[in-house]
Amino acid sequence: MEGRSGQLDDALASWLLTVSIPVLIFVISFTYLSWFPKCKSSGNRHTAETDFDTTKIQVSKILIHPIKSCKGTSMQEARKWCIINARDNSVITARQFAKMVLIHPRIVRDPSSPNEGHLEVSFPEDSGCEAFSVPLNPREDELSHMQRVEVTLWGKKDIEGYICPSLDGRSPSTILSQYFGYSVHLVIKGPLPRKCPRTPRFPDLDAPSYFQDGFPLLILSEESVTAVQDKVRQMIGKQGVQEAWAQQELVVERFRPNIVIKGAGAPFVEDNITELAITSDREPADGALSAIYLVSKCTRCLMPNVDTVTGIRDNAVPYKAMITFRKGLDPARVNFPCLGCNGIFTREGVMRVGDQVHVRQIGFV
């Protein structure tokens, strides 16, 4: 997720990542491209047989993931925390502990609170773990009393974190350690800036990031997920794809997008947009300009194989399906399949489910 023609400052980034209704995004006022040039699908890329109708693309779902790798929250109108191994301060993800996806964080806004609300964390009923809450936005004086740690993600120790205290009852570290079966901590991102990685298309990228693997946004279309599901059904009985997938739906939540779109009439439209913006009928025609830049493909690991309802990892789906026709799209990681595109946002605005997606610039991401 990246691009660059305007930057968010740290205060805006913090606000965005803790907002629940509405979420931060962008509103534009000018004309948009209504049709892509004809492209034709040849294996992994689109070349001239598929038309994307950009006049009907809408936001169909918005998901936030307050705690990295835990359950996402669907918002009708929007990662500031992570869980670390207490032994070495490394970030734990559902790649290592699949049942993280069953932990449910929920942002509760309260403008009258000095912390603007709290993060409420709950667990499956059979876990024996009670829910807890932590401050949404700890003040500077509160951070000074919290234990500071250097958090390691993907082998890099470049994230300032603070171990979260509980608002009441047992500490988050104690409760989460019970759930995991070993010692862990819930950590909130500190104010020290962390930057998104630069990409071949955007070598001068200078955008903020929190506990994401790389970028603050992931855009994915419903049609792309359907295309993967169709491929899965073609593979039933092969490469470990179970018969159950003849009926089972491949839900978009497995791929952990932030903004889900639909309406282009063909899959992988997000591969062909480099800049988009969002408006609604509520906004004036001359509203403030804004944009989302799509800057890189999202390469995929085995994490989408984890069922978001049961926390059980499938041995084949969807990874083995994606690898058959979505590999080689990222020149930096040619052996991994890609689905969805990473992005960055530049200005404040309001986005809700049903809003119109406007294509401002096309090109192969």
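The side chain of Arg360 meets that of Glu275 in a salt bridge with an N to O distance of 3.1 Å, where a salt bridge denotes a side-chain nitrogen of Lys or Arg within 4 Å of a carboxyl oxygen of Asp or Glu. Because Glu275 belongs to strand 15 (residues 273-279) and Arg360 to strand 19 (residues 356-362), the pair ties together parts that are 85 residues apart in sequence. Glu275, with a relative accessible area of 7%, is buried. Helices (H or I, at least four residues) and strands (E, at least two) are taken as DSSP runs and numbered from the N terminus.

The structure is a predicted model, in which local features need a pLDDT of at least 70 and side-chain atom pairs count only at pLDDT 80 or more, whereas totals for chains, interfaces and linings use all residues. Residues are numbered from 1 along each chain as its sequence is written, and side-chain values use heavy atoms, with hydrogens and water left out. The pLDDT, which is the predictor's confidence in each residue on a scale from 0 to 100, averages 82 over the protein, and 80% of the residues score at least 70. Over residues 1-49 the pLDDT stays under 50, although the model has 189 contacts beyond four places in sequence for this stretch, a contact being heavy atoms within 4.5 Å. Residues 284-289 likewise stay under 50, and for them the model has 12 contacts beyond four places in sequence. Where pLDDT is low, the predicted coordinates should not be read in detail.

Over the whole structure, a search finds 13 salt bridges. One of them joins Glu120 to Arg106, with the closest N and O atoms 3.1 Å apart, and this pair links distant parts of the chain, since Glu120 is in strand 8 (residues 117-122) and Arg106 in strand 7 (residues 104-109), 14 residues apart. Both partners are partly exposed, Glu120 having a relative accessible area of 27% and Arg106 a relative accessibility of 39%. A further salt bridge is formed between Arg139 and Asp141, again with the closest N and O atoms 3.1 Å apart; Arg139 counts as partly exposed at 33% relative accessibility, as does Asp141 at 41%. Together with Glu142, Arg139 and Asp141 are linked in a network of salt bridges.

When residues up to four places away in sequence are not counted, Leu176 touches Ile83, Ile103, Phe123, Phe132, Val184 and Leu186.

An open sheet of 4 strands has the order 6-12-11-10 with antiparallel pairing, two strands being paired if DSSP finds at least two bridges between them. Its edge strands are strand 6 and strand 10 (148-153), each of which pairs on one side only. Direction ignored, neighbouring strands of this sheet are turned by 55° against each other on average. Strand 10 and strand 11 (residues 156-163) run antiparallel and are joined by 6 bridges; the bridge partner of Glu150 in strand 11 is Glu160. Helix 3 lies across strand 6, strand 11 and strand 12, and runs at about 125° to strand 12, with axes taken as lines fitted to C-alpha atoms, for helices over the stretch in contact, and angles running from 0 to 180 degrees between N-to-C directions.

Several backbone features are found in loops. A cis peptide bond, with omega of about 5°, joins Val317 and Pro318, and Pro318 is placed in the loop between strand 16 (292-299) and helix 5 (319-325). Gln239, although not a glycine, has a positive phi of about 50°; this residue lies in the loop between helix 4 (222-234) and strand 14 (259-262) and is partly exposed, at 46% relative accessibility. Arg256, also a residue other than glycine, has a positive phi near 55° and is placed in the loop between helix 4 and strand 14, but is buried, with a relative accessible area of 12%.

Notes. Buried means under 20% relative accessible area, exposed over 50%, partly exposed in between (1.4 Å probe, protein chains only).
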